[in-house]
Amino acid sequence: MNPRLDKLHPYPFEQLSALLAGVNPPDGLPLIALSLGEPKHRAPDFIIEQYRDPETIARGFGTYPPTRGLPGLRGAIADFVTHRYHLAAPIDPETQVLPVNGTREALFAIAQAVIDPSTPNLTLMPNPFYQIYEGAAILAGSTPGYVPCTPATGFNPDWSGITDDQWQATSLVYLCNPGNPSGSVIGIGELKELISKAQEHDFIIVSDECYSEIYADQPPPGLLEAASAMGQTDYRRCLAFNSLSKRSNLPGLRSGYVCGDAQIIERFLLYRTYHGSAMSVHNQWVSELAWRDEAHVEANRQLYREKFEAVMDILENVWPMQKPAAGFYLWPETPIPDEEFTRLLIGEANVKVLPGSYLSRESEGQNPGANRVRMALVASLDECVEAAERIRDFWRRF
Ligand SMILES: Cc1ncc(COP(=O)(O)O)c(C=O)c1O
């Protein structure tokens with residue numbers, strides 16, 4: 001077996017199941033899960049409609065899909081990215097776009113394609129993080145470098161601790177912008193600085209932007225936007241990843257994109273041809289429609305805004321917490337250790353949250369996720385309100 005498999009950490013939800021084993025919630029109180037970041041708003045009807053025609057589905061099933069994606073889908077993604085990020089030169093759908101089966105598999109696979117495991121090298125990532133970054137780095141033969149995201153830097157990565165030698169050893173940097181779990185947004189200035197570092201030290205930046213369309217006030221900037229603002233319209237060393245999962249409530253469709261540096265995309269396409277990760281053609285057809293429509297995205301964003309307002313209203317005098325700039329998570333501090341808080345909350349209120357320490361690693365004596373929990377406001381407004389009311393009552397014990 002591949003010995004690197006032994007270095008993988010258990011996934012946070014496995015840890016959560018083990019933690020909650022044997023805890024008995026109160027009788028008659030249904031579970032409300034705020035633990036999983038799975039969008040629960042209804043998928044757009046205009047997308048579901050597309051699957052009603054058996055002839056369309058038959059054509060889709062009867063075709064091997066092209067790995068580089070159909071021209072229509074690539075065009076829709078290129079237009080979305082060009083307009084959304086105000087790019088100085090339009091994205092070229094022939095060379096700068098690759099459809100992928102959601103960001104997760106692509107965030108994992110890119111490490112396999114770009115990392116040279118023959119020399120010791122680092123992959124920097126936010127801490128806390130989306131755990132795929134860590135597993136991708138380990139399995140590709142890189143060493144994860146955990147960059148703390150704490151209140152001191154507005155929960156954005158604090159690069160100040162990275163030495164020149166470490167930058168020089170870096171092959172890949174994962175960004176999560178907007179961030180999971182904090183919902184913080186990395187600004188254009190910081191993105192530009194990181195792009196300059198990438199040019200200086202020759203590493204690749206992978207920016208996971210899958211929460212980009214769920215924001216409170218301002219659309220968060222993207223990596224390619226920063227590159228374009230620097231006059232770098234070839235997006236050298238820059239790749240942006242996004243998907244329809246959160247933007248369009250289509251997590252089951254498995255549809256996303258990688259966009260940016262044509263030289264890397266060309267090599268990644270070669271890798272993916274062997275990997276065998278092409279998206280079914282009928283999913284490519286409907287994805288094209290989803291990327292071209294903004295009305296459903298605005299309606300979706302509005303639903304999240306209503307939920308944040310309602311939940312924060314209920315909790316504001318009880319549990320201090322920050323409204324995130326983007327994304328659909330709350331990331332508050334706990335009055336007792338996060339695991340203990342999580343167990344007590346299930347036992348007394350049957351509301352499931354995720355301990356922050358499951359999303360982060362201890363590094364240089366600190367664990368930035370410890371004594372926090374992540375709460376995903378993905379359920380309906382009514383359920384989120386009920387969860388907030390139960391949490392408010394639970395908090396009276398402290
Ligand atoms: C930060 C982050 N990146 C990527 C993903 C994967 O999303 P998908 O593969 O559905 O695009 C998730 C899912 O929750 C996530 O939280």
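Helices α5 and α6 are roughly parallel to each other, because their axes cross at roughly 30 degrees and angles under 35 degrees count as roughly parallel. Keep in mind, as you look around, that this is a predicted model.

Helix α5 covers residues 103-114 and helix α6 covers residues 132-139, and their axes come within 8 Å. The crossing in which α5 passes α6 is right-handed. On the α5 side, the contact is made by Arg104, Leu107, Phe108 and Ala111, while α6 brings in Ile132, Tyr133, Gly135, Ala136 and Ala137. Sorted by class, the residues of this contact are seven nonpolar, one polar and one charged.

Next, the ligand. There are 13 residues around the ligand, and those that come nearest are Gly102, Thr103, Arg104, Ser243 and Ser245. Arg104 is also one of the α5 residues in the contact with α6.

Now for the overall layout. The protein chain is divided into two parts: domain 1 spans 3-43 + 296-395, and domain 2 spans 65-293. Their centres, taken over C-alpha atoms, are separated by 26 Å. Where the domains meet, 35 residues of domain 1 are in contact with 34 residues of domain 2. Helix α13 (residues 295-315) gives the largest share of the domain 1 side, with six residues.

Key: Residues numbered from 1 in each chain as written. Predicted model: local features only at pLDDT ≥ 70, side-chain atom pairs only at ≥ 80, totals over all residues. Axes fitted to C-alpha atoms, helices over the stretch in contact; angles between N-to-C directions. Helix = DSSP H or I, 4+ residues; strand = E, 2+ residues; numbered from the N terminus. Parallel < 35°, antiparallel > 145°, perpendicular 65-115°, else oblique. Left-handed = near helix turned anticlockwise from the far one by under 90°. Contact = placed C-beta atoms within 7 Å. Nonpolar A, V, L, I, M, F, W, Y, C, P; charged D, E, K, R; others polar. Near = placed C-beta within 6 Å. Domains from an automatic or database assignment.
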